[in-house]
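I opened this entry to keep a record of what I looked up, going from the whole chain down to single residues.

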Amino acid sequence: MFFLLHGDNEFEISERAADFKQKIGDDSMRDLNITVLDGRKITLSEVQHAADAMPFLADKRLVIVEGLLTRLASRKAKGGGEAASPGATQDFLNGLLEYLRRLPDTTRLVFAEYQLLNPRHQLVQLAGQQKGRTVIECKQPSAAELPRWIMDRAKKRGGSIEPAAATRLAALIGGDLRRLDSEINKLLTYVNARRSITAKDVDLLVSEASTSSVFDLVDALGKRDGRRAAHELHHLLVQGENPLGLLAMIVRQYRLLILVKEMQGRNLSPDAMAKELGQHPFAIKKINEQARHYRDIAQLEAIYRRLLEIETEIKTGQTGDVLALDLLVAGVAG
């Protein structure tokens, strides 16, 4: 069987991928039966080779391919490779469709795509012919939906949070689901799950400092102030921020900067931007000011692509997490 996880909710996709991993063998053999591939540069033969491998002392093996279908859907791929032209893209897709029909029973193949796929996509159609739920849409909750997401998350963690507290937490953190989940866990630990989390608890324990510091870090990068950017980065690390969690916050900030920069070209007001993006107006007003430090969208997109490369380097062990963040600051601010 193969599965499609797609949408702009990176947090949910990563959680569902983790659930797939937990179902592969026991703890001692699990890592030997899991392969994660970078779909932005993988070849069809490499996908087949990974999926054809037999599991080691387990019933199943898992292969996760990240970003392949998004790559194939784009006709703007640069350089060589199989996705360099529409014809080569279709050949890759046709070969993949043919292979999926003879995928070994011992392999679970998961495609993780960080944008929504067209329901008419050939792989979506093929996956839908399988039994069970094999196409899973992971959509980022809007600003209006965040309080309900927070309440559901607290319930899933074995506790509860009052509606006013959920609204307050959403206003403080915004749509960073990974950070929200971390704060919910902290709050539930504080109340020991004996009572509901209140707005007073949120104000007591959830600081705006980290969010402000990430904004300050990105602001310093935009102004090419390497000294200040390095200071803000290590201030956050000393505060106990997880490097990967911090990287996720920076990625989110740049994604919003790209969207806001595009809207500046349409002469939208900050309030109109906030409404279209489903974000808190106060946060978007700050990002609107920050986006003016960057000359164009292309500059922001180049930084965003580098951020995704850094995430891959960290997760595959090519570069240490703190070193990778230091190199990011040096590269952008320098």
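I take a contact to mean heavy atoms within 4.5 Å. With that cut-off, among contacts in the protein chain between residues at least 6 apart in sequence, 70% join residues at least 24 apart.

I note that this is a predicted model, in which local features need pLDDT of at least 70 and side-chain atom pairs count only at pLDDT 80 or more, while totals for chains, interfaces and linings use all residues. Residues are numbered from 1 along each chain as its sequence is written, and side-chain values use heavy atoms, with hydrogens and water left out.

**Whole chain.** I looked up the secondary structure and found 16 helices and five strands in the protein chain; these are DSSP runs numbered from the N terminus, helices being H or I with at least four residues and strands being E with at least two. The radius of gyration, taken over C-alpha atoms, is set against a globule rule of 2.2 Å times the number of residues to the power 0.38. For 334 residues a compact globule would come near 20 Å, and the 21 Å of the protein chain agrees with this. Along the principal axes, the C-alpha atoms fill a box of roughly 55 × 50 × 35 Å.

**Burial and charge.** I use buried for under 20% relative accessible area, exposed for over 50% and partly exposed in between, with a 1.4 Å probe and protein chains only. Of the 334 residues, 46% count as buried. I also looked up the charges, with Lys and Arg counted as positive and Asp and Glu as negative, and His and the chain ends not counted; each charge is placed at NZ of Lys, CZ of Arg, CG of Asp or CD of Glu. The mean positions of the 47 positive and 44 negative charges are 3 Å apart.

Which residues of helix 6 (residues 146-156) are buried? I found Leu146, Pro147, Trp149, Ile150, Met151, Arg153 and Ala154, and their cover includes helix 1 (10-22), helix 7 (163-173) and helix 8 (177-191). Just after helix 6, Gly158 takes a positive phi of about 90°. Asp181 lies in helix 8 and counts as buried because its relative accessibility is 8%. Leaving aside neighbours within four places in sequence, Asp181 is in contact with Phe11, Arg153 and Arg157.

**Gln290.** I placed Gln290 in helix 14 (residues 281-291), where its 1% relative accessibility makes it count as buried. Beyond its neighbours within four places in sequence, Gln290 is in contact with Phe215, Val218, Asp219, Gln253 and Leu257. The side chains of Gln290 and Gln253 are joined by a polar contact of 3.2 Å, the term meaning a pair of N or O atoms within 3.5 Å; within protein, one must be able to donate a hydrogen and the other to accept it, and residues adjacent in sequence count only if both atoms are side-chain atoms.

**Leu233.** This residue is found in helix 11 (residues 226-238), and Leu233 is buried, with a relative accessible area of 1%. Its contacts, apart from neighbours within four places in sequence, are Leu217, Leu246, Leu325, Asp326 and Val329.

**Lys131.** Is Lys131 buried or exposed? Lys131 counts as exposed, since its relative accessibility is 75%, and it is found in the loop between helix 5 (122-128) and strand 5 (135-137). The C-alpha atoms of Lys131 and Met1 are separated by 8.9 Å, though the two are 130 residues apart along the chain.
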